[in-house]
Amino acid sequence: MNAYRKLTLAALAATALAVLTPNARAQMLEERERVTFSGPVEVPGKVLPAGTYIFEAMENGHLTRILSADEQHVYATLFTVPDERREPVEKATIVLGESPKGSPERVEAWFFPGDSTGNEFIYQKARSSKDLASITGAFMRDTGRAAADTAKGIEISSKFVGVHTEHVAVNSGVAIAHALKYLVS
């Protein structure tokens, strides 16, 4: 009987810890890459001097944030569109493009190791804003879909948490009743 009491107390303690522990949040996969440039490079609206930077994909790849190597300074947060490759890249890849003579090379896109879909930067074309408008429209549609998907996921998660919270409460009550029953006897 003594072993049963110890087991019941252990179950009660575990249940109490589970109930009192703050809820854990789901963690999204971060796509971050440390990049070093030997010379200055251009990203939309900014020239980055030679150095080391952190490229971070945000909002399901629709934004890229460029940070200093120590992550204390944000150089830019830029819109991106998916850039598809036939095969996944083996290592982090930065795609540099042509730029006018005398200006730094452009960073066209970047790929995270193992991905076949990268993040292509959006540069404004001097002769036509139609391309930028269509890209912006596509981004807004995708953002709307992502927001709807997120809301749906939150609804499902809330139902899941509600159901399991009810189960924990019921089972905790049963465990406490059993523990009290055997502690008193």
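## Nonpolar core

The largest nonpolar core has 15 residues, and those that touch the most other members are Phe 37, Val 43, Phe 55, Ile 66, Val 107 and Phe 121. Two or more core residues come from each of these elements: strand 1 (31-37), strand 2 (41-43), strand 4 (51-58), strand 6 (74-84) and strand 8 (105-111). Strand 4 is the leading contributor, with three residues. As background, nonpolar side chains in soluble globular proteins tend to be buried together. The model described here is predicted.

Phe 37 shows what surrounds one of these core residues. Leaving out residues up to four places away in sequence, Phe 37 touches Ala 50, Gly 51, Tyr 53, Phe 55, Ile 94, Leu 96 and Val 107. Two of the residues on that list, Phe 55 and Val 107, are also among the core members that touch the most others.

## Overall fold

The chain contains two helices and nine strands. Along the sequence, the elements follow the pattern α-β-β-β-β-β-β-β-β-β-α, with a helix at each end of the pattern and the strands between.

Of the 185 residues in the chain, 23% count as buried. The accessible surface comes to about 13,000 Å², and carbon and sulfur atoms account for 58% of that area. For contacts between residues at least 6 apart in sequence, 47% join residues at least 24 apart.

## Strand pairing around strand 4

The pairing of strand 1 with strand 4 is antiparallel and runs over seven bridges. Within it, Phe 37 has Gly 51 of strand 4 as its bridge partner; Gly 51 is also listed among the residues that Phe 37 touches.

Strand 4 and strand 5 also run antiparallel, joined by six bridges. These two strands form a hairpin with four residues between them, and in the turn Glu 59 has a positive phi of about 50°. Across this pairing, Tyr 53 stands opposite Ser 68 of strand 5.

## Ser 68

Ser 68 belongs to strand 5, which covers residues 63-68. Is Ser 68 buried or exposed? Its relative accessible area is 8%, so Ser 68 counts as buried, the cut-off for that class being under 20%.

The side chain of Ser 68 reaches the backbone nitrogen of Gln 72 at 3.2 Å. With neighbours within four places in sequence set aside, Ser 68 is in contact with Thr 52, Ile 54, His 73 and Tyr 75.

## Salt bridges

How many salt bridges does the chain have? The count comes to four. In general terms, side chains of opposite charge can pair when their charged atoms come close.

Because Glu 56 lies in strand 4 and Arg 32 in strand 1, the pair ties together parts that are 24 residues apart in sequence. Glu 56 is buried, with a relative accessible area of 7%, whereas Arg 32 is partly exposed at 25%.

Arg 32 also meets the side chain of Glu 71 in a salt bridge, here at 2.7 Å from N to O. This pair links distant parts of the chain, with Glu 71 in the loop between strand 5 and strand 6 and Arg 32 in strand 1, 39 residues apart. Glu 71 is partly exposed, with a relative accessible area of 40%.

Another salt bridge is formed by the side chains of Arg 106 and Glu 42, at 3.8 Å from N to O. Arg 106 lies in strand 8 and Glu 42 in strand 2, so this pair links parts of the chain 64 residues apart. Arg 106 is partly exposed, with a relative accessible area of 22%, while Glu 42 is buried at 18%. Through shared partners, salt bridges join Arg 32, Glu 56, Arg 65 and Glu 71 into one network.

Terms used:
Residues are numbered from 1 along each chain as its sequence is written. This is a predicted model: local features need pLDDT of at least 70, side-chain atom pairs count only at pLDDT 80 or more; totals for chains, interfaces and linings use all residues. Side-chain values use heavy atoms; hydrogens and water are left out. Buried means under 20% relative accessible area, exposed over 50%, partly exposed in between (1.4 Å probe, protein chains only). A polar contact is a pair of N or O atoms within 3.5 Å; within protein, one must be able to donate a hydrogen and the other to accept it, and residues adjacent in sequence count only if both atoms are side-chain atoms. Contact means heavy atoms within 4.5 Å. A nonpolar core is a set of buried Ala, Val, Leu, Ile, Met, Phe, Trp, Tyr and Cys residues joined through side-chain atoms within 4.5 Å. Two strands pair if DSSP finds at least two bridges between them. Accessible areas come from the Shrake-Rupley method with a 1.4 Å probe; for residues, only the protein chains shown count as cover.
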